[in-house]
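Here is a short tour to read alongside the coordinates. Have the viewer open, and we will go from the fold of one chain to its contact with a partner.

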Amino acid sequence: MNATEAAGGAAEFVQRLRAGVNDGLDPMEAAERAAVALPKRLRDAVDRMASRLAGDYHEDEWGFDEEFAEAAYPLFEFLYDYWWRVETTGVTNVPAHGRGLIVSNHSGSLFPFDATMIGVGIMREHPLPRWTRPLVLNWAFELPFLSFFMRKVGGVPASPFNARRLLEQNHLVMVFPEGVKGTGKPFADRYRLQRFGRGGFVEVALRTGAPIIPAAVVGAEEIYPMLGQSRALARVAGAPFLPLTPTFPWLGPLGLIPLPSRWRIEFCDPVDLSEYGPEAAEDKALLFDVSERIRETIQSAVYENLVKRGSAFL
Amino acid sequence: MAAGGNRVVITGVASHWGSELARALARDPSVSYIAGVDVRPPEDDLERTEFIEADIRNPVISRILPGLDPDVLVHCGIVWYPEPDKPARSLHDINVIGTLQLLAAAEKCERLRAVVARGSAAIYGSEAAAPSFFTEDMARRYPLKTRFQRDIGELESYFDNFARRQGGITCTMLRFQPEIGPGLDQPLVSYLNLPVVPTQLGFDPRLQLIHAEDATGALAAAVANPVRGAVNVAPDGTISLTKILRLAGRPTLPIPHPVAAMLLGRLGRQLGAADLYSDGVLLLRYGRGCDNRRLKEEVGYRPRFDAEATVRDFVAKSGASRRLVSSVHPGHLARRAGSPL
């Protein structure tokens with residue numbers, strides 16, 4: 001749609017609207033009729049919006065709203081392409097269909113964008129793009145706006161029950177076994193993976209027969225360099241921890257703008273656990289063993305990609 | 001099944017759910033006798049149902065119930081909201097003491113082979129961090145926060161104890177998600193029918209409302225095929241509050257949630273929710289989803305309406321919604337222009 005065409009359409013729209021109102025139509029109906037003058041793309045958008053406002057949109061049983069996610073996607077794509085210049089490798093290790101459990105390292109203190117970027121990486125680079133369902137720290141669901149934004153773009157409260165149900169429905173699930181310990185690690189330890197919880201993700205993978213795809217993300221460590229934590233502020237906000245960065249909270253909302261570091265994401269070879277069978281989920285030693293093996297895989301991939309990336313910002 | 005058919009006794013028969021169940025059972029030829037117990041007679045005449053005026057809180061029930069000689073006892077006397085002759089302050093007594101008395105009476109019924117109770121999914125609570133779908137073994141994962149939750153928790157423990165001691169009796173605790181239907185006089189329905197609906201700013205909970213028809217269907221199915229333990233009664237899928245209100249064409253008034261808690265509480269009392277308003281505030285902030293596989297696979301009841309269809313049916317039957325803006329495509333407009341308005 002070029003500018004002159006749009007301007008012409010708008011002018012005709014106003015003319016028709018005025019004529020309609022003069023003919024005694026109510027303004028809403030006059031606007032609907034005058035809309036014929038508008039370019040098709042704009043009409044489609046208005047139509048879609050009207051349908052959504054009338055409740056005609058789809059959310060799955062988890063509250064994932066694909067249309068909403070698609071609308072938010074360009075912003076994430078901008079971050080992926082221009083802000084963080086993400087390079088993704090090994091994307092074909094992600095299954096094109098059926099269940100799969102992506103396990104990744106976690107960092108980024110204030111707002112862990114790593115989940116978002118892994119998701120965009122798969123949508124952008126995979127021959128058969130698909131949405132991922134990240135398990136999100138529960139605290140996010142206590143917060144106004146973030147709570148429904150998260151679920152609408154595919155986030156699900158972190159619970160083994162949710163992971164299992166999603167995998168049984170053949171979704172692509174993403175977990176961060178480091179959890180809050182990962183996002184809240186001190187800047188000096190930024191590339192070192194924390195303990196991997198209690199191996200719950202291995203248990204879920206065993207029970208559902210889902211392959212585990214270890215993923216390493218480098219770059220999220222620098223977006224909000226954590227200088228320290230404020231326990232007092234965290235208590236006021238009810239947050240699990242509250243990082244202090246060079247810009248947050250000193251610059252207020254501006255402090256929420258992440259630094260433009262350079263990122264790499266690598267999907268490692270999938271780990272198929274189906275040979276063990278679902279009963280093996282009871283075997284605690286096996287859980288810790290596999291969990292530790294996957295942690296090591298991701299750790300060495302993080303170091304490799306760190307070297308490949310070179311400078312953090314340029 | 002005993003020769004000569006099932007004898008069924010329903011407590012709380014004057015309530016909407018009790019009456020509807022009695023109607024459904026009256027159509028079932030395998031049920032030979034239906035008795036309904038309550039403190040007041042049902043509003044409409046129920047054919048084939050003998051009404052017995054009694055209060056389950058009164059020990060007299062121990063003499064009445066064995067005389068009725070039931071095969072199946074259906075406890076519909078668990079009250080969610082105040083009803084005529086059941087004011088807010090008596091809910092705790094009716095729910096907890098009433099259930100205790102009723103179970104004591106049930107121990108004396110010789111033929112009794114099943115007890116089915118119409119309980120509530122409120123026992124799971126509404127929590128931000130909760131699993132998106134509660135299964136039956138997840139009750140009491142979180143502290144019971146509200147008065148109603150504690151009552152439900154207490155009566156469920158009595159119920160579990162009874163089930164453990166009376167191994168020969170199958171005890172089914174049905175955990176219902178809130179029910180909606182156009183004719184239902186209930187706080188949640190009144191809430192959805194408000195001219196402007198207050199919501200909590202920045203929250204859009206996932207809800208499961210059960211269609212009145214499915215609620216009765218599930219109860220009747222459990223009477224015909226009781227299973228041991230708890231069973232969730234919930235539709236397939238979930239629906240968000242925003243979507244419900246948009247489908248219903250209701251304007252909303254989002255209020256920051258610390259203030260909304262107070263305001264919704266006051267509103268809840270006006271809508272007749274009594275003590276249940278705090279459950280309502282949490283439900284309308286964090287929502288709740290229940291897994292219904294046990295209902296479908298073991299009880300053998302498949303809800304006819306999923307979460308969205310329930311709401312669409314409710315909206316269609318309680319007056320059509322009006323779209324603020326309809327389609328702006330020429331074809332659609334032509335269709336509209338051609339239709340008599």
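Predicted model: local features only at pLDDT ≥ 70, side-chain atom pairs only at ≥ 80, totals over all residues.

**Fold and dimensions**
- If you colour chain A by secondary structure, you will find eleven helices and nine strands.
- A box of roughly 80 × 45 × 40 Å, taken along the principal axes, holds the C-alpha atoms of chain A.

**Domains**
- Chain A splits into domain 1, covering 3–53, and domain 2, covering 66–309.
- Between the C-alpha centres of domain 1 of chain A and domain 2 of chain A there are 44 Å.

**Contact between chains A and B**
- Chain A brings 29 residues to the contact, and chain B brings 27 residues.
- On the side of chain A that touches chain B, at least two residues come from each of these elements of chain A: helix 2 (27–34), helix 3 (40–53), helix 6 (146–152), strand 4 (156–157) and helix 7 (160–168).
- Which element of chain A gives the most to this side? Helix 3 of chain A does, with five residues.
- Sorted by class, the side of chain A that touches chain B is made of 15 nonpolar, six polar and eight charged residues.

Technical notes: Residues numbered from 1 in each chain as written. Chains lettered and ligands numbered in written order. Helix = DSSP H or I, 4+ residues; strand = E, 2+ residues; numbered from the N terminus. Contact = placed C-beta atoms within 7 Å. Nonpolar A, V, L, I, M, F, W, Y, C, P; charged D, E, K, R; others polar. Domains from an automatic or database assignment.
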